[in-house]
Amino acid sequence: MTVSILIFLPVVAALAVLLFKNEAAKHAALTFSVLELAVAGLFLTKFVPNALVQFAIDVPWIPKMGVYFSAGIDGISMIMVLLTTLLVPLIILTTYKHRYKNAGVFYALILFMQAGLLVVFTALDGFLFYIGWEAALIPIYFICALWGGENRIRITLKFFIYTFSGSLFMLVAIIYLYLQNPSRTFALADFYNLGLDAHHQVWVFWGFFLAFAIKMPLFPFHTWQPDTYTESPSAGTMMLAGIMLKMGIYGVIRWLIPNAPLGFLDWRTLAIVLSVIGIVYASIIAFTQNDGKRLAAYSSIAHVGLIAGGIFVWGAQGVQGAMIQMLSHGINIVGLFFIWDIISRRLNTRNISDLGGIAKVAPKFAIAFLIIVLGTVALPLTDGFVGEFLLLKSIYVANIWLVAAAGLTMIFGAVYMLRMYKKVMQGETNALTIGFTDISGSESLVLGIICALIIIIGIYPQPILHISEAAVNNLVHSVTVKLYQVK
């Protein structure tokens with residue numbers, strides 16, 4: 001059993017879903033995505049939580065160029081596989097109250113995107129990694145451009161130019177590493193073993209950094225994100241925020257720092273400072289937002305800034321915190337965007353100032369909303385607390401002043417998120433919200449699953465931390481040894 005099953009099943013599913021229309025396409029896509037989740041669960045049951053790559057496939061693809069279809073799963077990849085395969089069926093379920101024109105194409109694009117994401121998270125070949133990177137971008141471009149809001153074409157074009165331009169810098173870095181490799185392959189293991197000097201590693205660092213900073217996004221490369229999240233259809237926003245931005249974070253852990261440790265050493269301080277600036281900047285901007293979906297977008301930038309800061313400090317605690325926080329953030333942000341999708345669909349507005357009193361007419365919705373908000377602001381015993389605690393602790397070890405600034409994500413986040421909840425859910429109902437109906441059917445199922453995960457991961461995070469622990473320790477140690485040799 002190899003990882004190729006996980007990668008190609010969504011491709012086959014997407015081609016099959018193209019044959020269906022309307023409701024049938026929706027049901028088929030959900031069925032295939034649940035099957036993919038079951039396959040991922042089977043991989044998890046057979047996974048041994050050590051530092052080795054498992055379920056690997058390594059076959060010639062373009063042998064004359066040294067390109068291999070080489071992929072596998074270690075503890076770091078396993079977390080990302082679980083995130084992707086868990087969220088896709090939930091995202092498809094969130095669309096059950098919507099009707100999309102050309103539904104077969106819409107759901108096929110989601111499944112194609114899932115395949116690209118899984119390639120990124122499992123690739124052990126630089127060329128394959130790049131193909132997966134672009135393969136995940138193309139479907140979301142069409143999802144946003146065809147089913148987005150009024151300004152979708154202009155906003156989506158900006159998003160595509162930003163992300164595609166960044167990926168070209170990454171491609172240059174990958175090709176350069178390939179040319180320096182005596183065996184003339186794109187193998188990640190060979191890249192790790194290259195003995196490039198600090199000067200050349202700086203250029204490799206910036207090639208990867210620009211691509212990953214745009215994708216996350218990291219300040220000041222974030223300007224495409226709020227508009228894209230706001231104009232995209234809800235399912236597209238969830239795919240972007242819940243999974244796709246994790247490509248950049250994963251890329252930093254797997255491809256940037258291990259391939260250019262000396263370049264990273266030279267520019268680490270700048271990367272951490274940009275991460276912390278992003279936390280403070282996005283949090284302040286979030287205070288001013290009246291559009292609930294846009295507020296959630298800036299909240300996402302702040303949380304990703306904290307994850308990036310913890311990674312760039314480079315220690316086992318920080319990377320472990322990033323791993324569990326990527327999973328938690330994906331769950332929380334999908335839940336938050338679904339909350340606003342429900343409000344928008346019922347009331348035809350996302351303006352916070354127009355709302356109020358919804359808790360009085362929709363108590364189940366109010367409880368789910370509150371749990372998601374508490375997870376987002378990292379209340380102890382919720383999923384958001386575990387990762388943020390480890391990330392802040394790792395930054396504290398590096399610099400006490402930086403952790404003071406980074407900690408603002410929890411303080412500011414609590415203020416603007418709880419204030420949003422109060423304005424939307426508390427107080428008296430008005431002429432708009434008096435007719436708000438409580439959640440039912442697929443809405444209850446999705447929010448129930450999300451709320452359960454928020455609580456379960458918050459109370460008992462150890463199984464997730466255990467999955468990635470050995471792989472994280474091994475990778476951090478190998479890079480630290482290289483940095484120590486230089487010092």
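Me: Before we start on helix packing, what counts as a helix here, and how are axes drawn?
Reply: Helices are DSSP runs (H or I, at least four residues), numbered from the N terminus. Axes are lines fitted to C-alpha atoms, for helices over the stretch in contact, and angles run from 0 to 180 degrees between N-to-C directions.

Me: And what sort of model is it?
Reply: This is a predicted model: local features need pLDDT of at least 70, side-chain atom pairs count only at pLDDT 80 or more, and totals for chains, interfaces and linings use all residues. Residues are numbered from 1 along each chain as its sequence is written, and side-chain values use heavy atoms, with hydrogens and water left out.

Me: OK, helix 14 and helix 16. At what angle do the axes cross?
Reply: Roughly 145°. The axes of helix 14 (residues 316-347) and helix 16 (residues 363-376) come within 9 Å.

Me: Which residues make that contact?
Reply: Helix 14 gives Asn332, Gly335, Leu336, Ile339, Ile342 and Ile343. Helix 16 gives Phe365, Phe369, Ile372, Gly375 and Thr376. Contact means heavy atoms within 4.5 Å.

Me: How many are nonpolar, polar or charged?
Reply: The contact has 7 nonpolar, 4 polar and no charged residues. Ala, Val, Leu, Ile, Met, Phe, Trp, Tyr, Cys and Pro count as nonpolar; Asp, Glu, Lys and Arg as charged; the others, Gly among them, as polar.

Me: What does Phe369 touch beyond its sequence neighbours?
Reply: Leu336, Ile339, Ile343, Met420, Tyr421, Val424 and Met425, not counting residues up to four places away in sequence.

Me: Which residues touch the most other members of the largest nonpolar core?
Reply: Phe365 and Phe369, out of 186 residues in that core. Helix 14 supplies the largest share, 17 residues. A nonpolar core is a set of buried Ala, Val, Leu, Ile, Met, Phe, Trp, Tyr and Cys residues joined through side-chain atoms within 4.5 Å.

Me: Switching topic. How many disulfides?
Reply: The count is 0, taking a disulfide as a pair of cysteine sulfur atoms within 2.5 Å.

Me: Is Cys144 buried or exposed?
Reply: Cys144 is buried, at 1% relative accessible area. Cys451 is buried too, at 8%. Buried means under 20% relative accessible area, exposed over 50%, partly exposed in between (1.4 Å probe, protein chains only).

Me: Last one, Ser299. Where is it?
Reply: Ser299 sits in helix 13 (residues 292-313). Ser299 is buried, at 1% relative accessibility. Leaving out residues up to four places away in sequence, Ser299 touches Thr376, Tyr416 and Met417. Thr376 also belongs to the contact of helix 14 with helix 16.

Notes
Helices (H or I, at least four residues) and strands (E, at least two) are DSSP runs, numbered from the N terminus.
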